[in-house]
Amino acid sequence: MNPVDLRSAPLSATIRLLCAAFTATFLLASQANALPNDREQPVKVSADKLEANRSKNLSVYSGNVVISQGSLQIRADRVEVHGNTKGEINRVIATGTPAHFQQQVEESTNPVKARAKRIEFLVSSDALQLSGEAFVDRDGNTLSAERINYDLKSEQMQAQGQSEKKRVEMIWKPESKPESQPVENGQ
């Protein structure tokens with residue numbers, strides 16, 4: 001595939017090309033789910049402080065918070081863990097300057113990495129809602145915006161900027177081509 005000079009293409013063609021390439025890059029990675037044994041691993045939390053309210057099914061961790069479960073890791077200044085009446089975690093809200101989220105979704109790939117001032121992880125639907133200087137990196141392909149909604153299962157994303165100064169920006173790396181083998185004479 002030859003490189004395309006986006007400067008000479010009509011704007012509508014450029015937008016279609018960018019959207020198609022970005023979508024293909026993110027969607028061609030197979031369905032993203034947590035590694036099969038992530039949900040079976042214990043949840044480990046470390047923080048400087050914990051405030052828990054069992055009647056509200058809410059735990060608030062503050063100060064250098066690190067939460068991990070298998071390949072999932074959340075790092076933030078403050079994390080609220082919301083549970084349901086069965087004691088299951090259903091929502092995690094991390095805030096920081098920035099807060100960080102990462103999870104390996106396939107055995108042979110790098111983890112999806114995200115950061116924002118506020119990250120809301122909806123556990124049952126494997127969805128991230130990032131706001132405030134939001135950024136997602138999937139194998140070197142990046143998306144940055146003021147707000148990003150990212151479905152980890154389907155790899156669908158929605159992003160929006162806040163103003164002309166804070167627009168949506170995506171960068172994807174070209175696919176590497178296998179090196180061609182030299183042709184020998186007579187073959």
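**Exercise 1. Strand pairing**

Identify the bridge partner of Leu50 in E3, and describe how E3 pairs with E4.

*Solution.* Step 1. The bridge partner of Leu50 in E3 is Tyr61. Strands (E, at least two residues) are DSSP runs numbered from the N terminus, and two strands pair if DSSP finds at least two bridges between them. The model is a predicted one, in which local features need pLDDT of at least 70 and side-chain atom pairs count only at pLDDT 80 or more, while totals for chains, interfaces and linings use all residues. Residues are numbered from 1 along each chain as its sequence is written, and side-chain values use heavy atoms, with hydrogens and water left out.

Step 1. Strand E2 (residues 49-53) runs antiparallel to E3 and is joined to it by five bridges. The hairpin of E2 and E3 has four residues between the strands, and Asn57 there takes a positive phi near 50°.

Step 2. Strand E1 (residues 44-46) also pairs with E3 in the antiparallel sense, over three bridges; Ser46 has Val66 as its bridge partner in E3.

Step 3. E3 and E4 pair in the antiparallel sense over 10 bridges, with Ser62 bridged to Arg78 in E4. Two residues separate these strands in their hairpin, and Gly70 in the turn has a positive phi of about 60°.

**Exercise 2. Core and aromatic pair**

State which residues touch the most other members of the largest nonpolar core, and classify the aromatic pair of Phe101 and Phe121.

*Solution.* Step 1. The largest nonpolar core has 28 residues, of which Val79, Phe101, Leu128 and Leu130 touch the most other members. Such a core is a set of buried Ala, Val, Leu, Ile, Met, Phe, Trp, Tyr and Cys residues joined through side-chain atoms within 4.5 Å.

Step 1. There is one aromatic pair. Phe101 and Phe121 form it, with 5.2 Å centre to centre and 55° between the planes, and the pair is tilted. Rings of Phe, Tyr and Trp (its six-membered ring) pair if their centres lie within 6.5 Å; planes under 30 degrees apart count as stacked, over 60 as edge-to-face and the rest as tilted.

Step 2. Phe101 lies in strand E5 and Phe121 in strand E6, so the pair ties together parts that are 20 residues apart in sequence. Phe101 is buried at 2% relative accessible area, and Phe121 is buried at 6%.

**Exercise 3. A charge over a ring, and backbone exceptions**

Find the distance from the charged end of Arg115 to the ring centre of Phe135, and name the residues joined by a cis peptide bond.

*Solution.* Step 1. Phe135 is found in strand E7 (residues 127-138) and counts as buried, at 18% relative accessibility.

Step 1. The charged end of Arg115 sits over the ring of Phe135, 4.0 Å from its centre. The criterion is NZ of Lys or CZ of Arg within 6 Å of the ring centre and within 35 degrees of the ring normal. The C-alpha atoms of Phe135 and Arg115 are separated by 5.3 Å.

Step 2. Most residues other than glycine have a negative phi, and most peptide bonds are trans. Glu133 has a positive phi near 55°, and Asp139 one of about 55°. A cis peptide bond joins Thr97 and Pro98, with omega about -5°.

Terms used. Buried < 20%, exposed > 50% of the residue type's maximum accessible area, 1.4 Å probe, protein only.
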